[in-house]
Amino acid sequence: MSKKINDIYSDLTELIKKSTKSKKKNLFLHNPYFDNKEHYYLKRCIKSTFVASAGEFIRKFENSLKKITKSRDVITVINGTVALKVCLEVLGIKKNDEVLVPSLTFVGTVNAIKHAGGNPHFIDTDSDTLGIDIKKLDSYLKKITIKKNGVIFNKKTGKKIFAMIPVHVFGKIGNMNELIKISKRYNFKVIEDAAEALGSFYKGVHAGNFGHLGILSFNGNKVITTGSGGAILCNSKKLSIKIRHLVSTAKVNHPWDFLHDEIGWNYKMNNLSSAVGQAQIEKFKKIKKYKTKLKDRYKNNSKKFKNLIFSDEPKNCESNNWLNVIFIKRINLNDRNKILNLLNKNGINCRPVWKLMHKLKMYKNSPKSNLSNAIKLEKSVICLPSSAEYGKN
Ligand SMILES: Cc1ncc(COP(=O)(O)O)c(C=O)c1O
């Protein structure tokens, strides 16, 4: 093993041990933060026998999410991936429409585009915000699009550019006002993938409220969890009525009869998962406080290491600090993997950022812009153990 790799490994180990203040043998990337409330609400839910699509916790959890996000409506569903698919479909995506999406994202974002019949069109990432590189996007769109009757088309593929999905990576939010301006100029829809951004704000506005629709995920590794689960943030009354209807098998309200007036989905979150979600969200303030404390420690402790740069909150963004990120200076993928191997072998659960989407075999022929920032980030990003419990220490 080269000296450089050993040095970075020992710097990271020192940084993580000092920041998490944990004496435990294994440090996890992101554990859920549970207490007795989950047990209590789950027991109450089971006792009520309402474990599926009806019951007290469904609306309770949705109302709690509304309070935090200030969205007009929040519709809980079975996961974040279907939430994205539903958003694309209710906004009217047509077969082979293109959707602008960062190559640096979780595969679920891109799969949802395909499941909805669209095609991903990959764009680059900003190295500070980890969201879309806005300047690059603007000049790229100038070059590759043509407007016909107010609709924007990709000159090369001839396909309509229907929407853009900005992703709030690790809870960080870039300049959403600027992105929305671009979307209006080019006349495409915006669906925010805020899967990782519950509790993140840009200029005081919660993630998911800038575009036409937004989504959250409550997968086991997120700031709060329902096991698996997601939600759609909606600020249009008309759309929220439509979404609620479609994700609940398009069932017409009736005390006993089965009437369905469209081909709907069975995507609504059940009462059991909502019970866990409600227990989680009641301590969200505490979780966020611990996570902020942990982020501050990582930020301060990282200053002394010359090969490590802490990825701070972007300008005007209050992040939920879901995952703390370190950039390693001048590193290649091979050496990054060696460092990650060493860390994980020694009980420190760190991970890289996702393999870029345009490299996956399913998406390697999709249209794409120059992705030089994402390619650099793929090499240099290491996600650090970020469980809320470490901020409590
Ligand atoms: C950025 C991003 N988008 C989409 C998803 C999909 O959410 P889910 O796993 O709930 O389907 C996730 C997380 O898992 C994610 O991190």
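This is a predicted model: local features need pLDDT of at least 70, side-chain atom pairs count only at pLDDT 80 or more; totals for chains, interfaces and linings use all residues.

Biologist: What percentage of the residues count as buried?

Modeller: 47% of the 393 residues do. Buried means 20 or more other C-beta atoms within 10 Å of the residue's own, exposed means 12 or fewer, and partly exposed is in between, with C-beta atoms placed from the backbone.

Biologist: Got it. Which domains is the protein divided into?

Modeller: Domain 1 covers 3-33 + 284-392, and domain 2 covers 36-281. Those bounds come from an automatic or database domain assignment. The C-alpha centres of domain 1 and domain 2 lie 25 Å apart.

Biologist: How many residues of each are in contact?

Modeller: 32 residues of domain 1 are in contact with 47 residues of domain 2. Being in contact means that two C-beta atoms, placed from the backbone, lie within 7 Å. On the domain 1 side, α10 (284-302), β13 and α12 (372-380) are the elements that give two or more residues. The largest share, four residues, comes from α12.

Biologist: And how does that side split by class?

Modeller: The side of domain 1 that touches domain 2 has 17 nonpolar, 11 polar and four charged residues. Here Ala, Val, Leu, Ile, Met, Phe, Trp, Tyr, Cys and Pro are nonpolar, Asp, Glu, Lys and Arg are charged, and the others, Gly among them, are polar.

Biologist: Switching topic: how many residues surround the ligand?

Modeller: 15 residues surround the ligand, and the closest are G80, T81, G108, A195 and S217. A residue is near a molecule if its C-beta atom, placed from the backbone, lies within 6 Å of it. The shell divides into three nonpolar, 10 polar and two charged residues.

Biologist: Which helices supply at least two residues of that shell?

Modeller: α4 (80-90) and α5 (107-115) each do.

Biologist: Is α4 mostly covered or mostly open?

Modeller: Mostly covered, as nine of the 11 residues in α4 are buried. Among them are G80, T81, L84 and L88. After α4 comes G92, whose phi is positive, near 100°.

Biologist: Which residues have a positive phi although they are not glycine?

Modeller: T249, with a phi of about 60°, and R330, with about 40°, are examples. Most residues other than glycine have a negative phi. T249 sits in the loop between α8 (237-247) and α9 (271-281), and R330 in the loop between β14 (324-328) and α11 (333-345).

Biologist: Are those two buried or exposed?

Modeller: T249 is partly exposed, with 16 other C-beta atoms within 10 Å. R330 is exposed, with 9.

Biologist: Now strands. What does β14 pair with?

Modeller: β14 and β16 pair in the antiparallel sense over four bridges. Two strands pair if DSSP finds at least two bridges between them. In that pair, F327 stands opposite V381 in β16. Strand β15 (residues 351-352) also runs antiparallel to β16, joined by two bridges, and there R351 has C383 as its bridge partner.

Biologist: Which residues on the two faces of β16 are buried?

Modeller: V381 and C383 on one side, and I382 and L384 on the other.

Biologist: Last one: what is the order of strands in the open sheet of three?

Modeller: The order is β9-β8-β13, with antiparallel pairing. β9 (205-206) and β13 (317-318) stand at the edges with a single partner strand each, so one side of each is left without a neighbour in the sheet. Between strand β8 (residues 201-202) and β9 there are two bridges, and Y202 has V205 in β9 as its bridge partner.

Methods: Residues are numbered from 1 along each chain as its sequence is written.
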